[in-house]
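Please look over the following structure before reading on.

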Amino acid sequence: MFDSLSAKFSSALTSLRSRGRIKAGDIDEIVAEIRTALIESDVALEVADTFTATIKELSLSSLEQINKSTNPANGIFEIVNSELIKILGGQTRRIRMAKKAPTVIMLVGLQGAGKTSLAGKLALYLKNQGNTPLLVASDLQRPNAVNQLQQVGAAVGIPVFAPEPGNGVGDPVKVAQAGKKFAEDKLHNFVIVDTAGRLGVDEELMSQASRIRDAVKPDEILFVVDAMLGQDAVRTASSFLEGVGFDGVVLTKLDGDARGGAALSIVSLTGRPIMFAATGEKPSDFDLFHPDRMASRILGLGDVATLAEQAKAAFDPDLSKKFEEKYAAGDDFTLIDFLSQLQAMKKMGSMTKMLGMLPGMNSGAMKKQLDNFDEGDLVKTEAIIQSMTPAERHDVKILNGMRRARIAKGSGRAVSEVNNLVDRFTSAQKMMRQMRKGGGLPAGLPAIPGMPPMPKSNKALPPKKKSKSGNPAKRAAEQG
Ligand SMILES: Nc1nc2c(ncn2[C@@H]2O[C@H](COP(=O)(O)OP(=O)(O)O)[C@@H](O)[C@H]2O)c(=O)[nH]1
Ligand SMILES: [Mg+2]
C-alpha cells in the first residue's frame, strides 16, 4: 500500500540526510519533490499545495534550530511526519457508542466500494470485542444483494436481518426500521445497515439513503470508498457529504496499488476522519485507521505498532514468558528458541504482509527481497533444525562438516542451506547479545524472521541507553 508514494518520500528525505547542514535552497528542493510525489499519487492539488507550504514554512522558521542538532535531516523529517499525521486526521477516531443501545451504523457509498464486505468485517471486529452486532440488508437494488450479505454474515457468524413478507419487502427504509426494532427486541448492541450503491452518484440514490438515515437515526454514517479511485474518491465523498452527510470514512482496497491520494486528501477536503481501512477480501483484512501509523508507513518507517500488536496476538504467552525469563537471566539465544519462534511466526499469517510493516521494508531492495520471500523457506528451516541433535541445537559451534552433512541428509536439504541457516542464526544470536546491552527494538517485536520478540518488561535488564524519543518511528529516524 502506498508503495510508490512511500518510495518517493523516502528518497527525498534520504537525499537530505547526505547534506549535513541544511540550507534554505535544500528545503525548496525537498518541498518540490514532496509536492510532485503527492500529485503523482493523486493527492488533490490544493491539499498538496497547503501541505507543502506548511512544511516549507515550518522548516524555514526552525532552520537555525534544526541545524544545531547532530542530524539536521531528522528535524525536517519530524516536521514532515507530524504534518502527515495531521492531514491523515491526527488522532485515531473510534466508533461512538449510542447512549442507549443499539448503536446504529449505516454504510453508504457507490456500488462496488466494498460496503457489503465491510459490513462483515466491521461486524466481526465488533464481535471480537465482545459485542453482539446485527447486520441489516437494506440494499434491495440488486437481486442478489441480500443473499450476498447473508453469505458475508454466515462467514463471520453474525445474524442477518433480511426482508420478509411483513418486514417491508422491496422497501429498504422499512427493512432498516424493522431491523433496528429487531435489534432492540433481541438485545443486539450494534446494528450495521448495508445500503444500495449505484455506479455513479445520482439523486435517487441520495434520497433513498437519506430516507433510511431519517428512519433509523444512525449514530455513525460511514462513507465507504475504494481507495483506488484516486481523485474520484474525493469527488464522490463530496457528493455524499452533501447528499446524505457522513461522520467518518472507510477506505477499502488499500491492498491494491492504491496511490494513496484518497487517504491524503479526504480528511482535509471533507473534514471527516478516516475511521477504518480494509486491506483485502478476507473478513480479518480490516483495522482501525491510525494516522500516525499510516504516516510512518508513507515515510518508509514501517508500521511497528501494528506489527507488535500482531506479534503479541500470535505469540503464545507461555512461550513469550519462558523466553522473557531466559532473556532476563542472561541465557543465550539458541536454535531451540529460534525454532519455537519460527513456529510461532507461522501462526502470524502472511509473512510478507507482516514484514512489510518493518522500517525500510517497503522501499527499493528490501521491497524486492520481500516480494521474493518464500514462505516455504520457513518449512525448510524447520526441517533442518529438526534434524539436529539437542546438543547441536543448543550450541551451533559444534557443527563441523560431518555433522552438517548428516543434518543435510536427514532433512533432505543441501549442505549449503544448512550453512546458510547456521550463519543467519549466528548473526541473529549476535544481534540479540547486542540488543541485550542496550538500544534494541520495541517490546514484543521480532527483529527478523525467526528472531524472538523483545521481552515486554525491561525491569530485569541492565539500563538501556535512552533514545531521544520514545516513539519507535522517530527512533528509527534518529538511527538512520
Ligand atoms: N482486494 C480487496 N477487495 C475488496 C476489498 N473490499 C471489498 N473488496 C471486493 O470488492 C468487491 C465489491 O465489494 P462489495 O462489498 O460487494 O461492495 P458494495 O457494492 O459496496 O457492497 C467484492 O468483490 C469484494 O470482495 C478490499 O479491501 N480489498
Ligand atoms: Mg453491497
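Pro 102 sits in the loop between helix α5 (72-87) and strand β1, and in this predicted model a cis peptide bond, with omega at about 0°, joins Ala 101 and Pro 102. The chain as a whole has 22 helices and eight strands, and of its 480 residues 42% count as buried.

- Leu 187, whose place is in the loop between α8 and β4, has a phi near 60°, which is a positive value in a residue other than glycine.
- Leu 187 counts as exposed because it has 10 C-beta neighbours inside 10 Å, where 12 or fewer is the cut-off for that class.
- Lys 217, found in the loop between α9 and β5, also is not a glycine and yet has a positive phi of about 45°.
- With 10 other C-beta atoms within 10 Å, Lys 217 is exposed.

**The sheet**

- Eight strands form an open sheet with mixed pairing, and their order across the sheet is β3-β2-β4-β1-β5-β6-β7-β8.
- The two edges of this sheet are β3 (160-161) and β8 (286-288), each of which pairs on one side only.
- In general, the strands of a sheet pair through backbone hydrogen bonds, in either a parallel or an antiparallel sense.

**Strand β1 and its partners**

- On one side, β1 pairs with β4 in the parallel sense over five bridges, and Met 106 has Val 193 in β4 as its bridge partner.
- β1 also pairs with β5, again in the parallel sense, over four bridges, and here Ile 105 stands opposite Glu 220 in β5.
- Six of the six residues of β1 are buried, so the strand is largely enclosed by the rest of the structure.
- Thr 103, Ile 105 and Leu 107 point one way from β1, while Val 104, Met 106 and Val 108 point the other way, and all of these residues are buried.

**Helices α8 and α9**

- Helix α9 (residues 203-216) lies across β1 (103-108), β2, β4 (190-195) and β5 (220-226), and it runs at about 180° to β1.
- Ala 178 belongs to helix α8 (residues 172-185) and counts as buried because it has 20 C-beta neighbours inside 10 Å, 20 or more being what that class requires.
- Although Ala 178 and Val 136 are 42 residues apart along the chain, their C-alpha atoms are separated by 9.1 Å.
- Over the whole chain, among contacts with a separation of 6 or more, 73% are accounted for by residues 24 or more positions apart.

**The surroundings of ligand 1**

- Ligand 1 is surrounded by 18 residues, of which Gly 114, Lys 115, Thr 116, Ser 117 and Ala 278 are the closest.
- By residue type, the shell around ligand 1 divides into two nonpolar, 11 polar and five charged residues.
- Helix α6 (residues 115-128) gives the most to this shell, contributing three residues.

Definitions and conventions
Residues numbered from 1 in each chain as written. Chains lettered and ligands numbered in written order. Predicted model: local features only at pLDDT ≥ 70, side-chain atom pairs only at ≥ 80, totals over all residues. Near = placed C-beta within 6 Å. Nonpolar A, V, L, I, M, F, W, Y, C, P; charged D, E, K, R; others polar. Pairing = 2+ DSSP bridges. Contact = placed C-beta atoms within 7 Å. Axes fitted to C-alpha atoms, helices over the stretch in contact; angles between N-to-C directions.
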